[in-house]
Amino acid sequence: MVTAKFIQQLGAIVGAEDVISHPEDLLVYEYDGSVDRSMPGAVVFPTCTEEVSRVLALAHREGVPVVGRGSGTGLSGGAIAPEGGIQIAFTKMNHILEVDTENRTATIEPGVVNLDLDNYVRKFGMRYAPDPSSQKACSLGGNIAENAGGPHCLAYGTTTNHVLGMEVVLEDGTVMNLGGPTRETPGYDLRGVFVGSEGTFGVATKIMVRLLPLPEMVKTFLGIFPDIDTACTAVSAIIGHGIVPAALEMIDALSIKAVQSVTDAGYPADAGAVLLVELEGLKEEVEDVTKEVESALWDTGARDVRIAEDPADREKLWVGRKTAFGAFGTIAPNYYLVDGVVPRTRLAQVMRKVSEVSEKYRITIANVFHAGDGNLHPCMLFDEREPGVSERAAQAAQELMEYCVGVGGTLSGEHGIGLEKKEYMPLVFNEADLDQMRKVRDAFAPSNRMNPGKIFPDGVSYHAGSHRAAPGMYI
Amino acid sequence: MTSTLPEKLASLLGNHGVVPANRLAEYSIDGLVPASVVQPTSREAIAEVLRWAAAEKLAVSPRGGGTQMSLGNTPSKLDLVMDLSKYHRLLDYQPADLTATVEAGITLEAFQRELAQGGNLASLEAPMADRATIGGILAANSSGPLRHSYGPARDWLIGISIVGPDGGETKAGGKVVKNVTGYDLNKLYTGSLGTLGVIVEATFKLAPFPTDSGALVAVFPSMQTAMDEARNLLAQIYSPQGVHIVNALTAEKLDLPFNVPTDGACVMAFCSGRSRAVQRRLEESATLLLERNASQVERLDEPSGAALLRRLTDLGWSAATTPQLSLKINVSPSLVPKAIAWHQNSGIDPPGILADAGFGSVRLFWWGEEALPISGVIEAIVRLRAIAQESGGSVVVEHCPLPAKAQVDVWGDTSVEVELMRRIKHAFDPLGTLNPGRFMGRL
C-alpha cells in the first residue's frame, strides 16, 4: 500500500521534489493513449539506475506494484498503474549517452524521445529505423516495452530487431545486463524476450540500439485509387511480386478528407483511397523497383500515380499520413482503435468486413494503416455523449478482432495487449500457451509486481466506463 | 521398466520409427552413445515419446541433421536421441504473403527449393544445408556469411510450436509478419539448443529470391591491411552484404582460385539482390580494393560465387574442415581487427582465422594433425574469454577435445543472467529431461 511513510521513503531515494502524490498532480498520470484509467498512488522521477533499483527494492519490500512509464502515448493501457501501485516515470532519464559511428550504435536512457534520437544520429549520416507515428513524443523505453512498430518497420523490422543490449532492473531491484554490444550473445535470448514484455519483466534503464546508414536514394509516391478494395489489391500485387518497400501505407477516403481539412498533404479530396509508397536503397535498386511498383499500381486500377519530386514534396505526403489521427478530431471527439494484423492477401476481404461492421453498429470508421504489413488500424469515431455508442464501439472492435484471428491473423501488430485486449487473448492462445508465457514472466518477476494485471486474461478491468479523446492521438 | 527401451519405443512408434542398435554410435554426443534413437513422423508420436521418457526419467536429446553436434557442453545424461529428420513436411506456403510454415525436420536445402518455386527465399543460412534441419538451425541459432545484412534466424522467425517434456504442445507468435500478441517466445526458443522444448513447427517471413549474386576475392599482404580495407569497404554506401577476412591457413581450406602468401590475407565479399545493384556493388568494391593495394582482385560470377559462399558457410563443420578446436569470438565490429590477434602467445599452434567484419565475430580453427595439449587449450580459452569479456564480448567453443570440454563451460561465463536462465529452464523442464547439462551454466 502507498502510505505517507512509503512516499517519504521514496522521497528519501529520489529527492522529495521528484515524487508526486497529490491527486491533482497525479491526474495526467491516470491515463495513457488508451481508454483505460486508474490513479497511481504516487509517481517517482528517478535520474539514474541506482535510484530506480532502490525504488524497486523498496516497493518490493512493501509489496507495492510498479509500472514503468515513458511518455504515456501507449494505446493499450500498458502504462496504467494498478490500484495501489506507483509509476516510475522516466522523463528525467532522457540522455543520449553515446553514439558510436564506427559500430553504428547509440546508447541512451529510456526516457529519450524516439524522434530526438533519430534527429540526433542523422547528423552522423545514420538513423534509428523504428518510427511509430507517436515518434515526436514516445520514449525508447516505452518502445521496448511494447516492441513498437511504425511505417518503416515493413522493411527494417520492429523495435526488437534494433535493440542490441539493455541494462534492466527487476522487481527486487536487481540490476542486470541483457544482450550487449555484440549482435550475438550466448545463452537464452533474454534480450529478445524482454522486448515486448510490456513492462511485466522489469524496466530498462539503459538501452543500446543499432543504427542504420542513411540510404543513397529515397523515392516516395502516392497511388490514387477509386476505392479501398482496389487499393488493397495493389498492396497484394506489390508484395506478391516480391517487392518489400520501405513503407506501404493506406489512407482511406474518410481519412483523406479529415487530413485535407487540417493541412494540404496533396491527397486528392475525391479519391477513394491512397497508397503511400516509399522505396529506399541504392540508386539502381530504387529506380528498378520504382518502375515495377508504378506498373503494379496502374495495373491494379490506380487512377493516378504521383511521385514526390523533392524532399519538401515527400515531407508533405508524410505529414498527411502522420497527422491523420489528429485530424480525426474534426470528425468526432472520441475514438477507439483496433490494431489487428492479417495475412496481406486477406486485406481486401478484411476491409470489406470493416465496412460491414461500420454499418452494423452504426459507427463511423476511418482507416489509416500499415498495409504492407497487413496491420490494420480501423479507428471508430464517435461522440461518447450519444447514449449507447461507446458500447457499440466496443462490440464492433470485438467483432473485428475475432474476424482478424479467424482469417489467420492476430490481435495486435504493434500497440500491445496491455489492459485493452487481455480478455481477447484466448482467441489466439490456449491456456497452455499462456502458461508458457507466465513461466517466463515468473522467472523475471516471481512476485508478479511489475505491471501486474496486463496481457493475461483475468476478468479485471480498469475501465473507466466511457471512451474519451486521449491526448496522444497518434498511431 | 518392464520392457526394454527399444521394445517400448517400438510399441509407441512401430519398428520403422526406432533406429537399429547397430547404428546407435552414429548418434553419440561427445562419445556418449544413446540407449535408443527414435525417428518420429508425427506430432502425436513426438508427444507420446516425450511423455513416456519424462515418466521414466530418461534424458532426451532432440536432433535435426546432426550437423553441429559438437556445440554445447557434454550432456550430463543421455538415454534417448529424438531424430526429427523424418518429420519434414512443408505445411503451408503463401508466396503472395511471403510466409511459410514447416515441420521442424525439413532441411534448409529442401525448404529453399520449395520456396524458390514461388520466387521466394528464407533468409536463413547454416552449414551443411543439405542436412541441417530448420529445427536444428533454430535450436543452434545457426547463421552464415550474409548475417551482417540479413540478420540471424531470430529476425525471420514469426511463429513456433514446441512440444514440452510433458508432451504438451504450445505455440507462440503466429503467421503474420508483425505481431506483439503475447511475449515473443520465438526469441527464447531460438538458440536454446533444445533445452526448453522440442521445436516441431516454425513459420517464417520470407524474402524475394535475389535475381543476381556474385562474389569478390582480394589478396592483401597482411591480416591488418586486409582488416582495415574490409572495414573501409563496409563503410561505403555500396558495401557488399557480407565481408569476411581469412588468413592464409584458412584460405587453403576454402580452395580459392589462387594462393595467398603465408603472411598474407584474403578479403571475400558477397553481394546479392537485384541485378543492376549487385553489379554496381561488385564493380565499385573491386575498384576500391584495387586502389587500396590489393595485390589481386578476382571476381567470381555464378556459380563460382555461390560455391565459395557455401564453402565458407560450411567451414569448420564439413568433414574435410572439422578442426580439433574452434572458438568463436563475438565482439563489436570495430574490435574485430584487434580480436584477430588476441589468441597470440597462447602457446598453441597458430590457428586458421575467419573474421566477419560487419557482424562482429572472429572464428579461430586449429586443424593440425598433432593433438593439442589439453592444458594449452584450456589456457587459451580462459585467456581469450578474459580479454573478450573486458570489451563486452564473449567466446563460444565450437569444437574442443573432450578432456578440455570437461573443464570449461563451452558457452562461457557464469554471470548473473545464468541464474535467470536457470529459473526459465526449471520452469520449462522441471525434471531436466531435455538435453541436460549441454546449455550455458550446464543447465
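Strand 13 and strand 17 of chain A pair in the antiparallel sense over 2 bridges; pairing requires at least two DSSP bridges between two strands, and strands are DSSP runs (E) of at least two residues, helices runs (H or I) of at least four, both numbered from the N terminus. The model is predicted, with local features requiring pLDDT of at least 70 and side-chain atom pairs pLDDT 80 or more, whereas totals for chains, interfaces and linings use all residues. Residues are numbered from 1 along each chain as its sequence is written, and chains are lettered from A in the order in which they are written.

Val368(A) in strand 17 is the bridge partner of Ile251(A). Both strands belong to an open sheet of 7 strands in chain A, ordered 15-12-14-13-17-18-16 with antiparallel pairing. Strand 15 (304-307) and strand 16 (334-337) form the edges, each pairing on one side only.

Helix 11 of chain A (residues 311-327) spans 23 Å between its first and last C-alpha, close to the 24 Å expected (1.5 Å times one less than the number of residues). A kink of about 30° is centred on Arg321(A), the bend being the angle between axes fitted to the seven residues ending at a residue and the seven starting there. Buried residues (20 or more other C-beta atoms within 10 Å of their own, C-beta atoms being placed from the backbone) of helix 11 include Leu317(A), Arg321(A) and Phe325(A).

The contact between chains (backbone-placed C-beta atoms within 7 Å) takes 67 residues from chain A and 63 from chain B. Helix 14 of chain A contributes the most to the chain A side, with 9 residues.

Definitions and conventions:
Contact = placed C-beta atoms within 7 Å. Buried ≥ 20, exposed ≤ 12 C-beta atoms within 10 Å, placed from the backbone.
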